[in-house]
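Subject: Structure handover

Hello,

Please find the structure below, for your files.

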Amino acid sequence: MRFIEVEVPNAEEYQIDNFLGNIIQYKIDGNWFYERKTELPPDNLEISEVKKCNNKTWLKIRVS
């Protein structure tokens, strides 16, 4: 098992939309947005941890 870390905007919630090809979604003020700048591998992905520090956020994503 391996992990990747991706910097994302500060948000309330995060998901990976595997239907659209593993695109990170994030929720701000009740609205969902897509993070299209970040390319993720086509494998099965799962967010395992959200890290927040100094107004920045990273997702730790498990690749299987």
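The side chains of Glu5 and Lys51 form a salt bridge, with 2.5 Å from N to O. Glu5 belongs to strand S1 and Lys51 to strand S5, so this pair ties together parts of the chain that lie 46 residues apart in sequence. Both ends are partly exposed: Glu5 has a relative accessible area of 47%, and Lys51 comes to 29%. Please keep in mind that this is a predicted model.

How many salt bridges does the structure hold? The count is three, and the other two are as follows.

Arg2 pairs with Asp43, where the closest N and O atoms are 3.7 Å apart. That distance is within the 4 Å cut-off, so the pair counts as a salt bridge. Here too distant parts of the chain are linked: Arg2 sits in strand S1 (residues 2-8), while Asp43 sits in the loop between strand S4 (31-35) and strand S5 (45-53), and the two residues are 41 apart. Arg2 has a relative accessible area of 45% and is partly exposed. Asp43 is also classed as partly exposed, at 30% relative accessibility.

Glu46 and Arg62 make the remaining salt bridge, at 2.5 Å from N to O. Glu46 is in strand S5 and Arg62 in strand S6 (residues 56-63), so the parts that this pair ties together are 16 residues apart in sequence.

On the strands, the following was found. The protein chain has six strands and zero helices, and from the N terminus on its elements run β-β-β-β-β-β. The radius of gyration is 11 Å, close to the 11 Å that the globule rule gives for 64 residues, so the protein chain is as compact as a globular protein of that length.

Which strands make up the open sheet of three? They are S2, S3 and S4, in the order S2-S3-S4, and their pairing is antiparallel. Strand S2 (13-17) and S4 are the edge strands, each pairing on one side only. Averaged over the sheet and with direction ignored, neighbouring strands are turned by 30 degrees against each other. Strand S3 (residues 23-28) and S4 run antiparallel and are joined by five bridges. As a detail of the bridge pattern, Gln25 has Tyr34 in S4 as its bridge partner.

Some overall values for the protein chain complete the notes. Its C-alpha atoms fill a box of roughly 30 × 25 × 15 Å along the principal axes. Of the 64 residues, 30% are buried. The accessible surface amounts to about 4600 Å², and carbon and sulfur atoms account for 45% of that surface. Taking contacts between residues at least 6 apart in sequence, 39% join residues at least 24 apart.

Regards

Technical notes
Residues numbered from 1 in each chain as written. Predicted model: local features only at pLDDT ≥ 70, side-chain atom pairs only at ≥ 80, totals over all residues. Heavy atoms only, no water. Helix = DSSP H or I, 4+ residues; strand = E, 2+ residues; numbered from the N terminus. Buried < 20%, exposed > 50% of the residue type's maximum accessible area, 1.4 Å probe, protein only. Pairing = 2+ DSSP bridges. Axes fitted to C-alpha atoms, helices over the stretch in contact; angles between N-to-C directions. Rg over C-alpha atoms; globule rule 2.2 N^0.38 Å. Contact = heavy atoms within 4.5 Å. Areas by Shrake-Rupley, 256 points an atom, 1.4 Å probe, with all protein chains shown as cover.
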